[in-house]
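Thanks for coming, everyone. I will walk through one model, from its overall layout down to single side chains. Please bring it up on your screens.

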Amino acid sequence: MNGLCSPVKDLSAPVYITIGDGGNLEGLATNMTEPQPAYSAYREASFGHAIFEIKNRTHAYHGWNRNQDGYAVEADSMLFLNRFWSPIDDSTTADS
């Protein structure tokens, strides 16, 4: 990887969710959060778990929970739409 990124709008492109590495004996990888490259949407050094739910053929839901918060509240979430069954361009970068 050369660190350069030139995003191309493609609603049929896959989405990749990386939520860490289980069994990390060294502890949190805080040295990987800064500097954050432009191609990375979000980084956080914390332990937790994610739940990915397929709701139906058009919707899926991803929720992330931190273990250290002490209460069962999602820290982050995202709703995914299947573009094959729901081909609506609702992206925030849509040309008007």
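**Layout and side chains**

Starting at the N terminus, the elements of this protein run β-β-β. The count is 0 helices and 3 strands. Here helices (H or I, at least four residues) and strands (E, at least two) are DSSP runs, numbered from the N terminus.

Some ground rules. This is a predicted model, in which local features need pLDDT of at least 70, side-chain atom pairs count only at pLDDT 80 or more, and totals for chains, interfaces and linings use all residues. Residues are numbered from 1 along each chain as its sequence is written, and side-chain values use heavy atoms, with hydrogens and water left out.

Now the totals. The protein has 96 residues, and buried ones make up 12% of them. Buried means under 20% relative accessible area, exposed means over 50%, and partly exposed is in between (1.4 Å probe, protein chains only). The accessible surface is about 8100 Å². Carbon and sulfur atoms hold 56% of that surface. Areas come from the Shrake-Rupley method with a 1.4 Å probe; for residues, only the protein chains shown count as cover.

Next, contacts, meaning heavy atoms within 4.5 Å. Take the contacts between residues at least 6 apart in sequence: 23% of them join residues at least 24 apart.

On to the strands. How do strand 1 and strand 2 run, and how many bridges join them? They run antiparallel, with 7 bridges. Two strands count as paired if DSSP finds at least two bridges between them. A hairpin of 4 residues links strand 1 to strand 2. His49 stands opposite Asn65 of strand 2. Ile51 stands opposite Gly63, also in strand 2.

Strand 2 also pairs with strand 3. That pairing is antiparallel too, over 6 bridges. There, Trp64 has Asp76 of strand 3 as its bridge partner.

Stay on strand 2 and look at His62. Is His62 buried or exposed? It is buried, because its relative accessibility is 11%. Leave out residues up to four places away in sequence, and His62 touches Ile17, Ile19, Ala50, Ile51, Phe52, Asp76, Ser77, Met78 and Phe80.

With a relative accessible area of 47%, Ile19 is partly exposed.

Charges next. Side chains of opposite charge can pair when their charged atoms come close. The structure holds 1 salt bridge. That term needs a side-chain nitrogen of Lys or Arg within 4 Å of a carboxyl oxygen of Asp or Glu. Which side chains form it? Lys55 and Glu53, at 3.2 Å from N to O. Glu53 is partly exposed, at 33% relative accessibility.

Now the loop between strand 1 and strand 2, where strand 2 covers 59-66. Thr58 is in that loop. It counts as buried, since its relative accessibility is 19%. Its side chain makes a polar contact of 2.8 Å with that of Asn56. A polar contact is a pair of N or O atoms within 3.5 Å; within protein, one must be able to donate a hydrogen and the other to accept it, and residues adjacent in sequence count only if both atoms are side-chain atoms. Beyond its neighbours within four places in sequence, Thr58 contacts Phe80, Leu81, Asn82 and Trp85.

Two last spots. Val73 is in the loop between strand 2 and strand 3. At 43% relative accessibility, it is partly exposed. Val73 and Gly63 are 10 residues apart in sequence, and their C-alpha atoms are 9.6 Å apart.

Finally, Ile88, in the segment after strand 3 (76-81). Ile88 is exposed, at 55% relative accessibility.
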